[in-house]
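Subject: Structure for your reading

Dear colleague,

Please find the structure below, with its sequence.

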Amino acid sequence: MRDWLIGLGVAVACLLASWALLVLLARRLPPGILRDLAAFIPDCLTTVRRLRRDPRVPRRAKAAIVFAGLWLASPIDLIPEFLPVIGPLDDIVVVALALRYAGRQVPRQVLLDAWPGEPRLLLRLLGPAPAATGPGAEGPAR
C-alpha cells in the first residue's frame, strides 16, 4: 500500500510540474504559435472557471464546461500526459468539443469575454458564427 501511495504522489507531482511548466512557458515565451500552444490549457481552465460562474450560461453548457474542466484536472487520461506532444491531445479534444457545444448555447461575446488568451484562437476553435434565426433574420434568397 505504501508503494502505491508513493507512486500516486509522484504521478500527481509530475502532473502539477507539467502544468507549472505550461504556465511558465505561456508567460515567458515571445508571442507566437509556441506561446499560444503553451497557454492553451491554462486559458481553458480560466475560461471554465469564468463560465461556470456566469449567470448568462445555461445549465447544459455549464455541465459540459465543468466536465471539460474536471477532465483537464483529472490525472486519469486516455493518453498519458507524460508522452511528449500527444499526451495532452485528449485534453485538447475534450475541451474543444465542450467549448464548441457551449458556443452553440451561449452568446459568442460571453465566451470571448471569458477567454483570457488570444481571441483568434477561440474564434478558430468555435468555427463560423451560427446564422441568425428568428423574425428579424433574413431568409435565403429565392
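A residue is called buried when its relative accessible area is under 20%, exposed when that area is over 50%, and partly exposed in between, with a 1.4 Å probe and protein chains only. By this rule, buried residues make up 30% of the 142 residues in the protein. Please note that this is a predicted model, in which local features need pLDDT of at least 70 and side-chain atom pairs count only at pLDDT 80 or more, while totals for chains, interfaces and linings use all residues. Residues are numbered from 1 along each chain as its sequence is written, and side-chain values use heavy atoms, with hydrogens and water left out.

The overall picture

The secondary structure consists of six helices and zero strands, where helices (H or I, at least four residues) and strands (E, at least two) are DSSP runs numbered from the N terminus. Along the sequence, the pattern is therefore α-α-α-α-α-α. The accessible surface is about 9900 Å², and 66% of it belongs to carbon and sulfur atoms; such areas come from the Shrake-Rupley method with a 1.4 Å probe, and for residues only the protein chains shown count as cover. A contact means heavy atoms within 4.5 Å. Of the contacts with a separation of 6 or more, 50% are between residues 24 or more positions apart.

Helix α6 and its cover

Which residues of helix α6 are buried? In this helix, which spans residues 119–126, they are L122, L125 and L126. They lie on the same side of α6, because they cover an arc of only 95 degrees around the axis; the arc is that of the directions from the helix axis to the C-beta atoms. An α-helix has 3.6 residues a turn, so residues three or four places apart point the same way. The cover over the buried residues of α6 includes α4 (89–105) and α5 (108–114). Just after α6, G127 has a positive phi of about 85 degrees.

Two packed helices are described by the angle between their axes and the distance between the axes. The axes of α4 and α6 come within 9 Å and cross at roughly 80 degrees. Axes here are lines fitted to C-alpha atoms, for helices over the stretch in contact, and angles run from 0 to 180 degrees between N-to-C directions. Angles under 35 degrees count as roughly parallel, over 145 as roughly antiparallel, 65 to 115 as roughly perpendicular and the rest as oblique. The helices α4 and α6 are therefore roughly perpendicular to each other. On the α4 side, the contact is made by A96, L99, R100 and G103, and on the α6 side by L122, L125 and L126.

A salt bridge in the structure

How many salt bridges does a search of the whole structure find? The search finds one, a salt bridge being a side-chain nitrogen of Lys or Arg within 4 Å of a carboxyl oxygen of Asp or Glu. The side chains of D54 and R56 form a salt bridge, at 2.9 Å from N to O. Side chains of opposite charge can pair when their charged atoms come close. D54 is located in the loop between α2 (33–53) and α3 (59–73). With a relative accessible area of 12%, D54 is buried. Leaving aside neighbours within four places in sequence, D54 is in contact with K62 and V110.

Positions apart in sequence

A39, in helix α2, is buried at 11% relative accessible area. Its C-alpha atom is 9.4 Å from that of E118, although A39 and E118 are 79 residues apart along the chain.

V94 belongs to helix α4 and counts as buried because its relative accessibility is 17%. Not counting residues up to four places away in sequence, V94 touches F67, A68 and W71.

V66, in helix α3, is partly exposed, with a relative accessible area of 28%. V66 and A98 are 32 residues apart in sequence, and their C-alpha atoms are 8.9 Å apart in space.

A colleague
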